[in-house]
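Biologist: Please show the structure, so that we may go through the model together.

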Amino acid sequence: MGLVHLADEDLMQLVRRGDAAAFEMVYDRHATAAFSLAYRMTGTRNAAEDVVQEAFLSLWRSGARYDHTRGSVRTWVLGIVHNRAIDALRRSMVHDRRRASDEGIEERFEARERTDVEAARRDEARDVREALETLPPEQSKVIELAYFGGFTHSEIASMLDTPIGTVKGRMRLGLEKLRGQLGGLAGAMS
Amino acid sequence: MNGCEHRETVASYVLGALPDDEHERFVAHLVTCDECQSGVAELQVAADALPLAAMQLVPPPELKDRIMAVVHADVARREAEAEAAQAAQPAQAEPPATPEPARPARPQRPRPWWRRPRLALRPVPAALAAAALIALGVAGGVLVSGGDEAARTVTALVDAPSAPGARATVAVADEHATLTVRDFPAPPEGRVYQVWLKRPGRDPEPTGALFTPRGGRAVVEVRDGVGGVEQVLVTDEPRGGSRVPTRAPVVVARLT
């Protein structure tokens, strides 16, 4: 059976044994989601590339850490990207440069729908964006600042001049509502 | 989720919004708290869907090329190491050779790693060196980031198989460098890490910058000027440091 027919979890077993072709297949499947998340968080193409490179090389060298009982490969990959992007934001003050550069990159690099899977992901992405938009603004704001902005809850409290307990509460309420609205979308990340 | 005083921290945790110290405390708490574990499981579903909200952008093909160059270099290195280990085994099994009455051949000493054409993180056979150097060069090139000439930060290549997440950066300002390592392994027993400065055509110069990471972290100020330095290197050395590197570098930060 060719690699293309293998599930992510099976590919990861090969990656663990140092199979470069299996790693390449994992990259091909998840690089767009990884780059998109990294770009959304860092706001610049160079920083996003650095984050994705660090994340995938970490995956290549520590594939043994993947535990299928704790979620899909996609979730795991994006978790690594998210952590690396937060590190990048917190250590290099990318915060200050965000939104100041690379505006318009979306038009040049936006993913085109090439397969049914990608088209389905586009629909799921729309659902998530719409679900976020239906949250009360104060809840969606703290979620976006935390998840995509890489800010800590105490930084958000300072930025919004709001007690930290209120910020935490808004995060929890917002996530609970999102979870309810997304319902069956949980499988989207698998 | 009604009783635990940490229940409101669950959302911050799944969103990655806890400062480092709070994150460590909460992770320790999570191990023993069923209520918070259940809360994390519930909210993680929503957090895991958030990446989908980002506009989907195709990564540039050069990014994949760079990553795969490093991957192929790793594979080549592992294969070379396996071949070398295999080649060494039969030699040990053979009976000792009869001593030759003639003048014994002068043992051939390998060229130290810093006198090889370009610095690789580990020795690789000549046939494979090209791939490794391409990977090293490309990665070093892309990872350079930062602002103007006066102050910039370089992300170093780290070869620490026991700590795949280890990272190192070198910040250079006014010809002085500061090395920062994170998630870095402890040096071998009885040794410390030492920083070296490599200028073109010269052997690595020792610095007095010796360090042992605490909790995987260290911030090391290199007092020697880095004018004309092409690479900042780190090796593990006996306590007190060495005048000449005794090990291959675990960190290579290319400044030029």
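Biologist: How many helices and how many strands does chain A have?

Modeller: This is a predicted model, in which local features need pLDDT of at least 70 and side-chain atom pairs count only at pLDDT 80 or more, while totals for chains, interfaces and linings use all residues. Residues are numbered from 1 along each chain as its sequence is written, and chains are lettered from A and ligands numbered from 1 in the order in which they are written. Helices (H or I, at least four residues) and strands (E, at least two) are DSSP runs, numbered from the N terminus. From the N terminus on, chain A runs α-α-α-α-α-α-α-α-α-α, and the count is ten helices and zero strands.

Biologist: What percentage of chain A counts as buried?

Modeller: A residue is buried if 20 or more other C-beta atoms lie within 10 Å of its own, exposed if 12 or fewer, and partly exposed in between, with C-beta atoms placed from the backbone. Chain A has 190 residues, and the buried part is 43%.

Biologist: Why is H3(A) described as largely enclosed by the rest of the structure?

Modeller: Helix H3 of chain A covers residues 45-61, and its end C-alpha atoms are 24 Å apart, which agrees with the span that its 17 residues should have at 1.5 Å a residue. The expected span is 1.5 Å times one less than the number of residues. H3(A) is largely enclosed because, of its 17 residues, the number buried is 15.

Biologist: Which helix gives the largest share of the side of chain A that touches chain B?

Modeller: Two residues are in contact if their C-beta atoms, placed from the backbone, lie within 7 Å. On that basis 60 residues of chain A are in contact with 43 residues of chain B. Elements giving two or more residues to this side of chain A include H3, helix H4 (73-92) and helix H7 (116-134). The largest share, twelve residues, comes from H2(A).

Biologist: How many residues on the side of chain A that touches chain B are nonpolar?

Modeller: Ala, Val, Leu, Ile, Met, Phe, Trp, Tyr, Cys and Pro count as nonpolar, Asp, Glu, Lys and Arg as charged, and the others, Gly among them, as polar. Beside 16 polar and 13 charged residues, the nonpolar number is 31.

Biologist: Which residues of chain B does Val52(A) touch?

Modeller: A nonpolar core is a set of buried Ala, Val, Leu, Ile, Met, Phe, Trp, Tyr and Cys residues joined through C-beta atoms within 7 Å. The largest has 74 residues, and Val52(A) is among those with the most contacts inside it. Not counting residues up to four places away in sequence, Val52(A) touches Ala34(A), Ala38(A) and Val81(A), among others, and, in chain B, Pro59(B) and Leu63(B).

Biologist: Which strand does S6(B) pair with over eight bridges?

Modeller: Two strands pair if DSSP finds at least two bridges between them. Strand S6 (residues 191-198) of chain B has six of its eight residues buried, and S6(B) pairs with S7 (residues 205-211) over four bridges in the antiparallel sense. Leu197(B) has Glu205(B) as its bridge partner in S7(B) and stands opposite Val232(B) in S9(B). The antiparallel pairing over eight bridges is with S9(B).

Biologist: Which are the edge strands of the open sheet in chain B?

Modeller: The sheet has five strands with antiparallel pairing, in the order S3-S10-S9-S6-S7. Each edge strand pairs on one side only, and these strands of chain B are S3 (157-158) and S7.

Biologist: Which element of chain B has the lowest mean pLDDT?

Modeller: pLDDT is the predictor's confidence in each residue, from 0 to 100, and chain B averages 76. It stays under 50 over residues 122-149 of chain B, for which the model has 51 contacts beyond four places in sequence. Where pLDDT is low, the predicted coordinates should not be read in detail. The lowest mean, 37, belongs to helix H5 (residues 126-143) of chain B.
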